Amino acid sequence: MPVITIDNKKIEVTAGTTVLKAALENGIYIPHYCWHPLLSISGNCRMCVVEIEGRPKLEVSCNLVAADGMVIKTDTPAVKKMRKSVLEFLLINHPIDCPICDQAGECLLQDYHFKCSGQASRFKEEKVHKSKVVDAGRHIKLDNERCILCTRCVRFCQEVVKEPELTVAIRGDRSFITTAPGKTLDNPYSLNTVDICPVGALTSKDFRFKKRVWFLKSTPSVCPHCSNGCPIWIDHADEIMYRWRPRQEIEKVNGIASSQLTGNTILCDEGRLSYGEWQSDTKISKPLMLEEGEHKEISRAEAVLKLNKILSKDMKEIIAVLSAQISCEEADAFVKFLREKAGTDKIYRSGRAPLNPTSDDIIRKADKNPNISYLEKMGLRELPANIEGDVLFVTDSLSKDDILKTANLKWKSIVQITHDKRLIVPGAEIILPRATFAESEGTFVNFNGVKRKFSPAFKPAGEARTIAGWIPFLEEGITGVMSFLRKQESSDRLI
Amino acid sequence: MEQILTQNFKVLNACRLNAYLGREGYKSLHKLFSQQSSQIIEEVKKSGLRGRGGAGFPTGMKWGFIPKDPGSPVYLCVNADEGEPGTFKDRALLEKDPHRLIEGIIIAAYAIGAREAFVYIRGEFYRPYKILEAAVSEAYANNFLGKNILGRGFDLDIYIHRGAGAYICGEETSLISSIEGKRGYPKIKPPFPAVKGLFGRPTIVNNVETLAALPFIISNGAAAYAAIGTEKSKGSKLISVSGHVARPGVYEIPLGLPLITFINEYAGGIRNGKRLKAVIPGGSSVPVLTSLEAKDVLLDYESLASKGTMLGSGGMIVMDESVDMVKALKVLVDFYHHESCGQCTPCREGSGWLKKIMDRIESGHGRDGDLDLLINVSDNMMGKTICVFADAMAMPVKSFVTKFRKEFEDKIN
Ligand SMILES: Cc1cc2nc3c(=O)[nH]c(=O)nc-3n(C[C@H](O)[C@H](O)[C@H](O)COP(=O)(O)O)c2cc1C
Ligand code: SF4
Ligand code: SF4
Ligand code: SF4
């Protein structure tokens, strides 16, 4: 394997790789705009130049194949001068409307200006004016004055999604990004263009003007919208999620401008925008009980007493359904409880199953649950038709088909642990509020067997807790010994 | 000197096959097909022929870059885009002697192993296009093109592709993008076209004039060609001369001819008895020469290089003492600003910046420091982009401002 030297650091590289990639992978940060790990090399921004020993001219590192013995310098006066001049050029016609730009705070123009230039502009002419607030597609607004014409968005649509919806029109400093004739930027991955746009030219209609990015906290998580289980960042503030972004899983370099730079993945628009479903008005934060056809809020103690009534008497046959929306940890704990404490082995799986689920060979999977592989591996089977028993335990939700399969009047009781009123199974008598994946920690196993951990972005709402968290209460519901409940209640009072 | 490229220019209807055949047209093909392609490449190397499109790269050497076992089709692209201001020599060849070009295309295609050649012709060249199209049809009808040419087992098809008015599409990789149906953006190199060119296949791009020199070289031998010109600049070159000369037009010269001899003896001298002020020797993209510099320079690659300029495409623009150099540069800057493809940051932004400064200076609103800024912005563009268009814009700016600084200063103050 070739060995090259970058800034006095000897690096062994895979044959055929470029100097830019080798540098980034080895913690040496070379600023760049147009290069992106998912896209073909364009070489237009001219930011990533380096000096090569024995060669007269600076060369762009994105297109420089690492050859054995090459000695590269990324920080010489000539390199620094060139970066400064590229930044000066990029900014002469830029509107610099950072105060009203959503990208501010995570903008590569801002970041590199402060890191590599900082000089005042020598440009004293009228700037070129271009179209702003262009409706590029269902989810996206385009500002051509902010655009630095790196063509990442154009290449993304063409090369990754294979939907050439965007193009550059006209020439020279009048060039602008536009949708191709008769097209809009409406492919199922359109919002990735917002991520990969290094500046504020492409913005998400969903996120525009909602929050300054420096107020957002980012929590590593996993998109629960399909069995691809993409790694995401949950960007949130004050217990509200504002957006999800793709999260790269390889190490970050130098911290600057974060995930835009290396090895990041993509998200589908559908999954990315599904964050809203998790914070609707119908979210459940207290236990509910069915009374006279309506679900009324009750205390935790009332819920446990009620459970005890249901579970201690006539507890002949419990049927349990685990949703593929729950984590591995929740599933393990619940199955253990069911087998050892509730004495049942009739445990099945269900999950979200929309009509006509979307899928493609990019990332979207037809199974819209993040943890189906794990439940399958546990040996859980689908619910059989016309299932009957005394008590039905439901975690999260049942698919429409499974609701039909369980629809009979013979249940003495249905107990459900879920986070949203819209998911309540008809006839459910007791509903315990469940902490969502955004409020808890756990693991999902994706369609491919890849395990991914998620962490809590914020605390569960009200009395919500994970399924595992509810087990001690369920156990006391069975035994009737309420010591755990009492302890909890008194410690809660102390707080 | 024997006329090579212009020998049929004064022959009636030389664009028709019959007239061309009557002038020993397509004679080189018999010799061509009796040799190996590698022998042809050697012959062209020996002739010393260098690319006439502007860069002056040795033609035989360029052909040698085609991989030995390409494993896929190889293409020849003929650069007939001729958009460089001041350059109109390919048009003359296309209109007056198109079969010479076709014969040259057959030679080059045979040498590099191409079975398809794409002629990319400037969109505005409608008349040359019709003439070339008719000539290609004649060549097909007489089996100089098509399958099994002259029964010698070599197949060749020519496709004519018309441009749509972009100067940048004359740059070879942009030309390739354009033929591929893409936006006319130059491509980053490497890979070079000889390795990965048109549709990702090994490709050679040659200028019309380069190809038109081949029939002579193959028929008469490399030595006959190399006997013309100087030690390092061999053969003949077309010069298209415009501006303040008595007889503007296209002339064939032996390389190494003194520039002043050319102006006086070929182009009829400066018109109206005026004095020479400046010469752009090789198309608008090369640095301008003052009359003093022009005095003892020769029209060849080395002599012009020693004066800091280039032979380029051979598009000579002659300016007499009446020329306002600020206005002249503004015209050039407008052109380059209009034609930058806009892909690279320094060229896209620099071209607009230079234009805005020049507009101000020319309209009497120049400021202190403008001239240094012009030079500094040009420096920040030169050698820093995907193609050399940025240099082609920066060089005239730098040379005009440096060599005629006083005139610019007078305009500002
Ligand atoms: C901006 C630009 C414009 C060019 N325009 C032309 C042109 O119109 N015709 C041409 O033959 N070469 C043109 N060239 C040069 C070509 O890139 C290329 O070098 C040439 O076609 C190679 O042919 P040759 O080796 O036979 O000269 C241009 C180059 C640049 C950078
Ligand atoms: S794109 Fe970046 S530099 Fe431009 S206005 Fe937005 S934050 Fe500011
Ligand atoms: S919109 Fe953004 S990604 Fe697209 S070319 Fe402009 S700066 Fe690049
Ligand atoms: S140098 Fe200018 S013309 Fe050439 S590719 Fe770059 S922007 Fe286009």
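Figure 1. A residue counts as near a molecule or strand if one of its heavy atoms lies within 4 Å of it. Helices (H or I, at least four residues) and strands (E, at least two) are DSSP runs, numbered from the N terminus.

This is a predicted model, in which local features need pLDDT of at least 70, side-chain atom pairs count only at pLDDT 80 or more, and totals for chains, interfaces and linings use all residues. Residues are numbered from 1 along each chain as its sequence is written, chains are lettered from A and ligands numbered from 1 in the order in which they are written, and side-chain values use heavy atoms, with hydrogens and water left out.

Figure 2. The side chain of N79(B) places an N or O atom 2.9 Å from an oxygen atom of ligand 1. R52(B) uses a backbone N or O atom, 3.2 Å from an oxygen atom of the ligand. V205(B) also has a backbone N or O atom by an oxygen atom of ligand 1, at 3.4 Å. Alone, ligand 1 exposes 610 Å², and the protein buries 90% of that. Accessible areas come from the Shrake-Rupley method with a 1.4 Å probe; for residues, only the protein chains shown count as cover.

Figure 3. Chain A supplies the residues around ligand 2: H94(A), D97(A), C98(A), C101(A), Q103(A), A104(A), C107(A), L109(A), Q110(A), V199(A) and G200(A). Six are nonpolar, four polar and one charged. Around ligand 4 there are 13 residues, the closest being C341(B), Q343(B), C344(B), C347(B) and C387(B). That shell has nine nonpolar, four polar and no charged residues.

**Figure 4. Where chain A meets chain B.** Here 35 residues of chain A are in contact (heavy atoms within 4.5 Å) with 35 residues of chain B. The two chains bury about 2,800 Å² between them, 51% of it on carbon and sulfur atoms. Buried area is the accessible area (1.4 Å probe) that two parts lose on being put together, summed over both. The interface holds 19 residue pairs in polar contact, both at pLDDT 80 or more. On the side of chain A that touches chain B, helix 2 (77-92) and strand 8 (166-169) are the elements that give two or more residues. Helix 2 of chain A gives the most, with eight. By class, this side of chain A has 15 nonpolar, eight polar and 12 charged residues.

**Figure 5. Salt bridges across and within chains.** Side chains of opposite charge can pair when their charged atoms come close. A salt bridge is a side-chain nitrogen of Lys or Arg within 4 Å of a carboxyl oxygen of Asp or Glu. Over all chains the structure holds 65. Three cross the interface of chain A and chain B. R367(B) pairs with E125(A), their closest N and O atoms 3.9 Å apart. Within chain A, D186(A) pairs with R138(A) at 4.0 Å between the closest N and O atoms. This pair links distant parts of the chain, 48 residues apart: D186(A) is in the loop between strand 9 (176-179) and helix 5 (192-196), and R138(A) in the loop between strand 6 (134-137) and strand 7 (140-142).

**Figure 6. Backbone details in the loops.** The peptide bond from K189(B) to P190(B) is cis, with omega near -5°. The bond from P190(B) to P191(B) is cis too, with omega near 0°. P190(B) sits in the loop between helix 8 (172-179) and strand 4 of chain B. I170(A), a residue other than glycine, has a positive phi near 60°. Its loop runs between strand 8 and strand 9 of chain A.

Note on methods: Ala, Val, Leu, Ile, Met, Phe, Trp, Tyr, Cys and Pro count as nonpolar, Asp, Glu, Lys and Arg as charged, and the others, Gly among them, as polar. A polar contact is a pair of N or O atoms within 3.5 Å; within protein, one must be able to donate a hydrogen and the other to accept it, and residues adjacent in sequence count only if both atoms are side-chain atoms.
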